[in-house]
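Here is a short report for a first look. Take a moment with the sequence and the model before reading on.

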Amino acid sequence: MTGRILLAELRHSSLRWAWPVLVAIDLFALFGRSDHWIGVWSETGAAAQVPAFYLGPAMAALAAWTAARRRRENAGGWMDAAARPAPLMECVHLGTTLAHGVTAYGVGVIAAVAVTLPGGGPHFFWPGYVLLGLVVIVLCTGVGHAVGRAGTSLVAAPLGTALVLFVLFSFFGFVPQGAEWGLGLMVVSGYPDVVTAAGPMLARSALALAVVLVAVAVGRGLRSTPGRPGWPGVPVAALAACGFLAVSVVGFATAGPVLQQRGVPDEPLCTSHEPRVCLWPESRKYLEEAELMSRRVAALPADLFTSPAAFHETGLRGETTMGSGFYIREGEMWEVATSLAIRIQEVSTPPHCDAVTFDEDEKRWAADMELISWLTARIAGGGKPPTVNGGPPGVDEKAVHSIITEPEEVQVAWAEERLATIRDTRCV
Amino acid sequence: MRSVVRVSGLVQGYGRDPVIAGLDLELGPGVTGLLGPNGAGKSTLLRTLATVTPPLEGEVHVLGEHVRSERTARAARREIGYLPQDFGYFGSHSVHDFVRYCAWLREVPSARIAEATAAALRRVGLAERSGARMKTLSGGMIRRAGIAAAVVGSPALVLLDEPTVGLDPAQRLEFRELVRSLDGSAVVLSTHLVEDVAAVCERVLVLDGGSVRFTGTPAALAERAVPGASGDTELERGYMAVLGAATPVTGTTGAPA
């Protein structure tokens, strides 16, 4: 019967009007940001999770609003006299609220899977990131519900809760990079070299569950007549929930990074042409472009440049940092070309050194950067796309990129000049 | 007498001054009318009997169970149908879903909820409007839906706080029929309307200042009427006369065993 009551709550919930808006937010966040993830399962999982950044605070606001509204409806008269355990009543209400957020999020997940499915690489949808997004939504909804029960405001409490969570997630929500500090509740990209780690994911799930349990266990307590104690007795459910929350917080804090290095694949996906450009199997949609890059690298003047035998997407050889590998950031192959250019530059020129004079140091630096810029443009097969910002410092990229339209002998002469500058630099 | 409710030494209130001070009371099966002026403590007493508000002092026994903890209160509530004076409702719920929800709150067995909900709606004459949303109902209909929520599942003890407020004369007559039909349940009916008491109650209890001023049959209350007392009927005059008296009595109202 509790299931039927839940269905009735769903049917009559005020949030049913908000559901299409939640779905719209999800789909806008999913498709409005970028479409690079389509066709790559790891990126699809991450992209499907990104809307949680917005849905989480939105659900917190809605949960706070509907919880406070329930209180205003004064339906407590019936609930105060109910035989049904108070946490179960709260469960039905919070479950209804959660169902709206989770199903709206689910629509986005299904949409993401649907668009990737036709051309997706091997394997299938990565659920780890989606679970991470689910944790955020459940966590926020639980917090919002508790706040709504504690107060009566239909405006300040929901908006305040959403704002606080939004700011918190903006600054600290994401998986930290390097020395940054972060909660590790969200990711922006789903590089195929990392996966969500089971332990930290379990800790995050437990934390979300604990927040929900606290919200349902203390929810009715928060509504007691002010100044009047309830029936005597130990609030076992509330104490247990708070205890579980404390344990979950400790577990969350000590669980370690939420992302871990993925195991090396048995058979990476490599170009047929030498030098080989190898990708994670998930990155299959970039293989054709990688094949072209491989051919362009092979076409570089052999007497001037030496190429490594192969280039690898980061993590393919078990390395834990970028190192000599390359990332395909948001599907941008220009950056892959830059990585390949840097590698070629490294093996084709003497190791970097401090020049004896500042002037020589400046010249060598400029020659280095110009060559990388030129090599990048050659490997990428054209000028820099407008979607890529930045580039080697101090380089007139427009001028360098125009070189690649010149005849080969003009380009070779241009490159030889810069290589000579590098080789002739007198080191300390 | 088989005691349904027994209260002893009850002290109850919300502020510094208790609303009820040292009340002793015993109620048996049948319909008991609870009369008293505003602030007499009628609603406070009903909230206490409904186990919503724990007593500050004293003991409350409901259906033989000494209610002294959340656990015992919950056990008692399964057999208590309580209509609060100012009850809330979920405006977007249908009448059927609202009553069913209240049955679920009272832990009416799942297998019985559907049938009990339908029966309660028939009893209050809302079967035809069971699909209507609560917010679309008139005040009288909302009150009837509330009564249905209180009687759904045929609880052993029904506590009705001002149930006829907002009902038109015809609906009040129907309500009286409904109360008469609740045989098997002990009913406590709090009201300002002496004629409702005269029509349906086997016993009457007059509460004033948190103390029981009278307990007995409506006929016995009518006999208390004194010449010159205000009121249009003997019962009203008896009621007014009792309110003029100062000595509280121990309130034992029970049907003969």
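How much of residues 154-175 of chain A is helix, and how far apart are the end C-alpha atoms? This is a predicted model. In it, the span is 77% helix and 0% strand. Its end C-alpha atoms are 33 Å apart.

## Annotated spans

Residues 14-32 of chain A are 74% helix and 0% strand. Here the end C-alpha atoms lie 28 Å apart.

## Two disulfides

The structure holds 2 disulfides over all chains. Along chain A, the bonded cysteines pair as 1-2, 3-4.

C270(A) and C278(A) form one disulfide, with sulfur atoms 2.0 Å apart. The link is right-handed, with 110 degrees about the S-S bond. Both C270(A) and C278(A) are buried.

## A link between distant parts

C353(A) and C427(A) form a disulfide too, their sulfur atoms 1.7 Å apart. The pair links distant parts of the chain, 74 residues apart. C353(A) sits in the loop between α12 (333-348) and α13 (358-380) of chain A. C427(A) lies in the segment after α15 (408-423) of chain A.

The torsion about this S-S bond is about -60 degrees, so the disulfide of C353(A) and C427(A) is left-handed. C353(A) has 15% relative accessibility, so it counts as buried. C427(A) is partly exposed, at 38%.

C91(A) is in no disulfide. C91(A) is partly exposed, with a relative accessible area of 39%. C242(A) is partly exposed as well, at 38% relative accessibility.

Notes: Residues numbered from 1 in each chain as written. Chains lettered and ligands numbered in written order. Predicted model: local features only at pLDDT ≥ 70, side-chain atom pairs only at ≥ 80, totals over all residues. Heavy atoms only, no water. Helix = DSSP H or I, 4+ residues; strand = E, 2+ residues; numbered from the N terminus. Disulfide = S-S within 2.5 Å. Buried < 20%, exposed > 50% of the residue type's maximum accessible area, 1.4 Å probe, protein only.
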